[in-house]
Amino acid sequence: MDLSSRLEQLLTVAEEIGIDVRVEPMGGEGGGLCRLRGQRVLFVDTSADLATRYDRTLAAMASLPELDGRYLLPELRQDIDRQREIDAS
């Protein structure tokens, strides 16, 4: 699965678990997850390259407990688990 497909899959999962996904130019930093007026919002920076967008989205979502009980494609599950290991160290 290519990087673009992985990113699209992550964004789909984010929407399915109730996160508002906003894809817009933000200066190339890649975006992230925040809470606005009580709602979780995931920003994806279209000014950033694909790898940065994916890495930022993955890092933002890895800590979400809702992912534990969900089916994710094996490639995504591996990336999430790898990110969780990085975050724990």
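Colleague: Across which strands does helix H1 lie, and at what angle to E1 does it run?

Modeller: Helices (H or I, at least four residues) and strands (E, at least two) are DSSP runs, numbered from the N terminus. Axes are lines fitted to C-alpha atoms, for helices over the stretch in contact (heavy atoms within 4.5 Å), and angles run from 0 to 180 degrees between N-to-C directions. Here helix H1 (residues 3-16) lies across E1 and E3, at about 140 degrees to E1. Helix H2 (residues 50-62) packs on the sheet and touches E2 and E3, its direction making about 160 degrees with that of E3. This is a predicted model, in which local features need pLDDT of at least 70, side-chain atom pairs count only at pLDDT 80 or more, and totals for chains, interfaces and linings use all residues. Residues are numbered from 1 along each chain as its sequence is written, and side-chain values use heavy atoms, with hydrogens and water left out.

Colleague: In what order do the strands of the open sheet stand?

Modeller: Strands of a sheet pair through backbone hydrogen bonds, either parallel or antiparallel. Two strands count as paired if DSSP finds at least two bridges between them. In this model three strands form an open sheet in the order E1-E3-E2, with mixed pairing. E1 (20-24) and E2 are the edge strands, each pairing on one side only. E1 and E3 pair in the parallel sense over five bridges, and Val21 stands opposite Leu42 in E3. E2 (residues 31-36) and E3 (residues 39-45) are antiparallel over six bridges, with Gly32 opposite Phe43.

Colleague: How many residues lie between E2 and E3 in their hairpin?

Modeller: There are two residues between them, and Arg37 in the turn has a positive phi of about 50 degrees.

Colleague: Is Arg40 buried or exposed?

Modeller: Buried means under 20% relative accessible area, exposed over 50%, and partly exposed in between (1.4 Å probe, protein chains only). Arg40 is buried at 16%, whereas Glu66 is partly exposed at 29%.
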